[in-house]
Amino acid sequence: ALAAYADAMRVRRPWPLTRKAVFATLAVGESAAADTLLARHVGGEPGNIDALILLAQRRAGQRDWLRCAVLLDHAIRLGGGHNPALLALGTRCANGLQRKDEAAAFAAQRARTGPVL
C-alpha cells in the first residue's frame, strides 16, 4: 500500500491545467499561491519552457532580476532562445541587472525573431 501511495504522490498536474489554475488563482488576488503552484510545476517539470517563462515573468514583476535571469538561461539551454516572449523578457531582465550588452543582444535577437504575440 505504501508503494501505491508513493506512486500516487508522484503524479503531476499537466501544464495546461496548472496554467489555468495559476491564472485563476491570480484572478482572485492570491499571487503568493499562484507563484507556489507555478514554482512547484517548474520543479516537477524543469524542461517546460512555457512554465519557465511564466515563472520568470512573475519574478520580473517583483523585480527579482537574478532569479528571472536564471530561469531564462535555463529556458534558453532547453531551446527556447527564439521565443519572442522570452527575448522581450530577457531584455527587461538584463536591463534590470545593468547588463547593457546582454540587453542589446536580447533585443537584437528579438528583432530578428519577430513580434511578441
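**Note on the predicted model: cysteines and overall fold**

1. Cys-68 counts as buried, because its relative accessibility is 0%; buried denotes under 20% relative accessible area, exposed over 50%, and partly exposed in between, with a 1.4 Å probe and protein chains only. Cys-93, at 2% relative accessibility, is likewise classed as buried.

2. This is a predicted model, in which local features need pLDDT of at least 70 and side-chain atom pairs count only at pLDDT 80 or more, while totals for chains, interfaces and linings use all residues. Residues are numbered from 1 along each chain as its sequence is written, and side-chain values use heavy atoms, with hydrogens and water left out.

3. How many disulfides does the model contain? With a disulfide taken as a pair of cysteine sulfur atoms within 2.5 Å, the count is zero. Cys-68 takes part in none, its nearest cysteine sulfur being that of Cys-93 at 3.5 Å.

4. The chain comprises seven helices and zero strands, giving the sequence pattern α-α-α-α-α-α-α. These elements are DSSP runs numbered from the N terminus (helices: H or I, at least four residues; strands: E, at least two).

5. Of the 117 residues in the chain, 34% are buried. Among contacts (heavy atoms within 4.5 Å) with a separation of 6 or more, 48% join residues 24 or more positions apart.
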